[in-house]
Amino acid sequence: MIRNGHGEAGGAKRPGPRARRAVRVWCDGCYDMVHYGHSNQLRQARAMGDHLIVGVHTDEEIAKHKGPPVFTQEERYKMVQAIKWVDEVVPAAPYVTTLETLDKYNCDFCVHGNDITLTVDGRDTYEEVKQAGRYRECKRTQGVSTTDLVGRMLLVTKAHHSSQEMSSEYREYADSFGKCPGGRNPWTGVSQFLQTSQKIIQFASGKEPQPGETVIYVAGAFDLFHIGHVDFLEKVYGLAERPYVIAGLHFDQEVNHYKGKNYPIMNLHERTLSVLACRYVSEVVIGAPYSVTAELLDHFKEPKRRGIFCQVDSGNDLTTDLIVQRIIKNRLEYEARNQKKEAKELAFQEAMRRQEAQPEREIDCDF
């Protein structure tokens, strides 16, 4: 079991009355298909200050610069707000981060991962704040990205984990989709994410149930942790005045047994971090049993009442299958988006290499 934190950004301490002025931090992005990589970025950004404000772009802005988002802007606003390190969400944030935006929300600086974000015309979206010295970088989480997850879902529509021979259509698709000019295919391998105890510690706070708190247990796959999960957990959190929500996550083999195909799309370790980042969850059980037994309830010191099962309607019918269907519906657009993104990143990296090499050539000529 892993205990989580909630409330003040997962247990971070606020400055006292005589302490320095609170440091306000700005982050922005699409936050489409929010995953633990996004959460880790926001965790790192929150650690750089005292108050984290997150701007989320509109569907129109994303479509203009990157291609169609998987989730609507309203869904994405709520997903970001559910991340425990976020203090405030700004809807309809501009795609290009400016000093005007930072000043409008009284932010000292903005934080972004050490990857590249470009406009449709290839311009660095953080150029202005970088030049003003109001830009900080955090480490990008290796092994996951929205582009990567889209690729996993597109491949899940075919029997690529089956012992049956691949169809010619699927073989051609798997060999070509998302290939960058260098010939690398990111979609035909397994997840490159490596779980470590340190990463779990960073996401969890270790808070135990306190006297008077109501322990509530829920369990499931929580695959591709999405707005349907958030709506459900928010409803569960509201069942008690002082809730302590424990989320049990089933093993990958168990999920595959009852969902089939090549689900789960995210492995158990990835799903663990995604759920731990949610502000409505206090503790996670990794590899929870499919059936809730008396022994399990005894372990949580909650055996006094039996017949305590409660069915909660989240009010949201979104499922992992429906997300995959959204991807399939716009398959060609997503393929084009992913290929365009890789091409822009390669062009930007080449331009940076040329810029770094230029001073060296000038020095050689002087001699």
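Student: Which residues does Val54 touch, not counting residues up to four places away in sequence?

Tutor: Val54 touches Cys27, Tyr31, Leu42, Val80, Val86, Glu88, Val89 and Val90, where contact means heavy atoms within 4.5 Å. This is a predicted model, in which local features need pLDDT of at least 70 and side-chain atom pairs count only at pLDDT 80 or more, while totals for chains, interfaces and linings use all residues. Numbering runs from 1 along each chain as its sequence is written, and side-chain values use heavy atoms, with hydrogens and water left out.

Student: Why is Val54 called buried?

Tutor: Buried means under 20% relative accessible area, exposed means over 50%, and partly exposed is in between (1.4 Å probe, protein chains only). Val54 has 0% relative accessibility, so it counts as buried. Val54 lies in strand β3; helices (H or I, at least four residues) and strands (E, at least two) are DSSP runs, numbered from the N terminus. The chain has 14 helices and nine strands, and buried residues make up 49% of its 367 residues.

Student: What makes the largest set of nonpolar residues a core, and which members touch the most others?

Tutor: A nonpolar core is a set of buried Ala, Val, Leu, Ile, Met, Phe, Trp, Tyr and Cys residues joined through side-chain atoms within 4.5 Å. The largest has 62 residues, and Val54 and Leu233 touch the most other members. At least three of its residues come from each of domain 1 (24-138) and domain 2 (197-321); these bounds come from an automatic or database domain assignment. Apart from it lies another core of 10 residues, including Trp26, Ile53, Cys110 and Tyr135.

Student: What makes Phe222 and Phe225 a tilted pair?

Tutor: Rings of Phe, Tyr and Trp (its six-membered ring) pair if their centres lie within 6.5 Å; planes under 30 degrees apart are stacked, over 60 edge-to-face, and the rest tilted. By this rule there are six aromatic pairs. For Phe222 and Phe225 the centres are 6.4 Å apart and the planes at 40°, which makes the pair tilted. Phe222 is buried, at 5% relative accessible area, and Phe225 is buried too, at 7%.

Student: Why is the pair of Tyr237 and Tyr280 called tilted, and which parts does it tie together?

Tutor: The ring centres of Tyr237 and Tyr280 are 5.5 Å apart and the planes stand at 55°, so this pair is tilted. Tyr237 is in helix α9 (residues 227-237) and Tyr280 in the loop between α11 (268-276) and β9 (283-286), so the pair ties together parts 43 residues apart in sequence. Tyr237 has a relative accessible area of 25% and is partly exposed, whereas Tyr280 has 14% and counts as buried.

Student: What makes the charged end of Lys130 sit over the ring of Tyr135 by this kind of rule?

Tutor: A charge sits over a ring if NZ of Lys or CZ of Arg is within 6 Å of the ring centre and within 35 degrees of the ring normal. The charged end of Lys130 sits over the Tyr135 ring, 4.9 Å from its centre. Likewise, the charged end of Arg136 sits over the ring of Phe109, at 4.5 Å from the centre.

Student: Where is confidence lowest, and where is it highest?

Tutor: The score is pLDDT, the predictor's confidence in each residue, from 0 to 100. The chain's mean is 78, and 71% of its residues reach 70 or more. Confidence is lowest in helix α7 (residues 168-176), with a mean of 40, and highest in β3, at 98. Over residues 157-193 pLDDT stays under 50. Where pLDDT is low, the predicted coordinates should not be read in detail.
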